[in-house]
Amino acid sequence: MSSRSGYGRTPLATRFLVSYALVYAILIGLMSFVVVQTVEASLIRNLTESLETSAELAEESLPDVDGDFASWADGVFGASGYRTTLIAVDGVVWADSHADPAVMENHADRPEVIEARDGQVGTATRVSASTGFEQLYLALPPEEGLIVRLSVPTREIGEELASIRGSIIAVAIVIGLLGVVVVALLGRRMTRPITELTEQSRALAEGDLSVLPRRSPVSEIDSLGVAISALAHDLGSRVTEAEQASEYLETVLGALPQGTVLIDANERIAYANPSAYELLGSVPEELAALSPFTFQSVVREARDDRVVVNRVSDHGVPVRRLRGVATPFTGDGRILLVVVDVTDNERSAAVRRDFVANASHELKTPVSSIIAASDALRIAVERDDPSALRFADQIQSAANQLDGLVADLLDLSRLERERPELAPIRFDLLVADELERVRELAAERGLELQADLIKVSVDGSHRDLAIAVRNLLDNAIHYTDENGEVYATLAEADGRVSLEVRDTGVGIPTRDIERIFERFYRVDAARSRATGGTGLGLSIVKHVTESHGGQVEVTSELGVGTSFTLFLPVSSS
Ligand code: ADP
């Protein structure tokens, strides 16, 4: 804060002192003037009275006309101490205690003499021509033509006044100093609470709301303290509200799965929520260091064009697809960048697209062969050709394939729609049932089917788990050549049940292993179709296992065999 030019800031106590000093000096000056004036007037009055009394006494002792006036004058002076002069009404000096009347000029024009001649007691003050000092003169009205005049130098009055003035100054200084001390103490006492309040206000401004002003006996200061307390209270609740709001915001932003980054007008990153760190890997302090680079231009475009800018970019290892949406704040140049991971969305959109294309293709194949075989069948029947039976078999086989495909599609769609209803199931009995179901098929294909089961329960849907187990057994049988072996082994460890279905079949090439769980993915499409496979079996297995809280693992060696293992949590009941 700058002070207005020409005005310094002086403490209140100093202002009190200066005001006091000024007022005191003026009062003391006035007072001493009045006192000195009064005392001077009183001294002159006393002196005048004393002169008059002495003059009257002297007049009574006046000798006769032919008497010795010089001795009389000396005698009066000796008795009273006042210079004594005897003047005739015409102004001729007859006698004087201090000078030779012969050399003294005529006194007729002296003011006191003029007044005395008029019948009054004449008084005057002036510098004496004879003594050279200021004198007070008093002349009595004439008695038998002679005027008695006494005079005294006023020097004594001056000296007395000087001494009184000295005393007044000394007392004034002492009282003044005492006053200074009292005013200084009072000033400090009055300003201390103000200083305290100032410090407390400053502490408030700096965020320390714990100090509360003390109550003061001075009403104005107390009101100020109360006002500051109210301010502190108000400020406290506002700060709490603001803190709560920011806490809520922090919680909300912290819980958001979308990365949220706030960039200020100077391209500094003012805030980033935890998801932003997770998605971007790291969040720098400056926009210029933000990765992926595309998001830098997204932010700048949004700021410059004042529009929402939205772009997708690859980022990180393994590569994720991130969508950055930059929204400008109104007016202040700040930009909110929201980052969303769209990898899974894009992947599932692609999977959906592929699925429709694949499903159409898979359905078309048996339908085409049914149409072709039925045409051929009609012609064969018309001609009574014995090959009609073969065409009928072809139609039946294609229809079976279609039936299997539709059944798998329906299973898959049901599994995706519904969560399984979990109930405790004797998993060993379920596996044993499924083994029985495929035993005949295995025998037909000349395979040895072996099982090693233990009594164990899981929580799950009997129907879904049976489908999964059946698929694994079917695959093991279909992809194993004659004289091969298929083993089903149940075990339990670490709260998990494991079912391993192992075969000594054709095996799966390493590069295909990752993809065999995809819908319609087949390593050998011809073999799959020949065995009635749909390419959906393992997708169903994976889906069922994961929806039961488990997982499926596969190991395989080309030409040696394959092992699929289902892991499921042991039943909790
Ligand atoms: P399919 O109906 O074709 O069997 P699946 O989804 O069940 O479809 O299996 C996908 C592919 O995985 C199969 O086409 C096959 O190539 C391969 N496969 C599955 N199980 C085995 C196995 N036990 N041995 C070798 N290959 C297998």
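**Entry 1: contacts and overall form**

I began with the contacts in the protein chain between residues at least 6 apart in sequence, and found that 55% of them join residues at least 24 apart. I note here that the model is predicted.

I then looked up the radius of gyration, which is 65 Å for the protein chain. A compact globule of 573 residues would have a value near 25 Å. I also took the box filled by the C-alpha atoms along the principal axes, and recorded roughly 210 × 55 × 35 Å.

For secondary structure I recorded 14 helices and 17 strands in the protein chain.

**Entry 2: surface and charge**

I asked what share of the 573 residues counts as buried. The value is 36%. The accessible surface of the protein chain comes to about 33000 Å², and carbon and sulfur atoms hold 56% of that surface.

I next looked up the charged side chains, and noted 53 positive and 86 negative ones. The centres of these two sets lie 12 Å apart.

Most peptide bonds are trans.

- I found a cis peptide bond between Ser291 and Pro292, with omega at about 5°. Pro292 lies in the loop that runs between helix H6 (274-280) and helix H7 (293-305).
- I found that the peptide bond from Val317 to Pro318 is cis, with omega near -5°. Pro318 lies in the loop between strand S8 (309-315) and strand S9 (320-328).

**Entry 3: positive phi**

Most residues other than glycine have a negative phi. I looked up two residues with a positive value, Arg306 and Phe520.

Arg306 has phi near 55°. I located Arg306 in the loop between H7 and S8. Is Arg306 buried or partly exposed? With a relative accessibility of 42%, Arg306 falls between the 20% and 50% cut-offs, and therefore counts as partly exposed.

Phe520 has phi near 70°. I located Phe520 in the loop between helix H12 (510-513) and helix H13 (525-530). Is Phe520 buried or exposed? Its relative accessibility is 9%; because buried means under 20%, Phe520 counts as buried.

**Entry 4: summary of the loops**

I close with the places of these residues. Pro292 is in the loop between H6 and H7, Arg306 in the loop between H7 and S8, and Pro318 in the loop between S8 and S9. Phe520 is in the loop between H12 and H13.

Notes: Residues numbered from 1 in each chain as written. Predicted model: local features only at pLDDT ≥ 70, side-chain atom pairs only at ≥ 80, totals over all residues. Heavy atoms only, no water. Helix = DSSP H or I, 4+ residues; strand = E, 2+ residues; numbered from the N terminus. Rg over C-alpha atoms; globule rule 2.2 N^0.38 Å. Buried < 20%, exposed > 50% of the residue type's maximum accessible area, 1.4 Å probe, protein only. Contact = heavy atoms within 4.5 Å. Areas by Shrake-Rupley, 256 points an atom, 1.4 Å probe, with all protein chains shown as cover. Lys, Arg positive; Asp, Glu negative; His and termini not counted. Charge placed at Lys NZ, Arg CZ, Asp CG, Glu CD.
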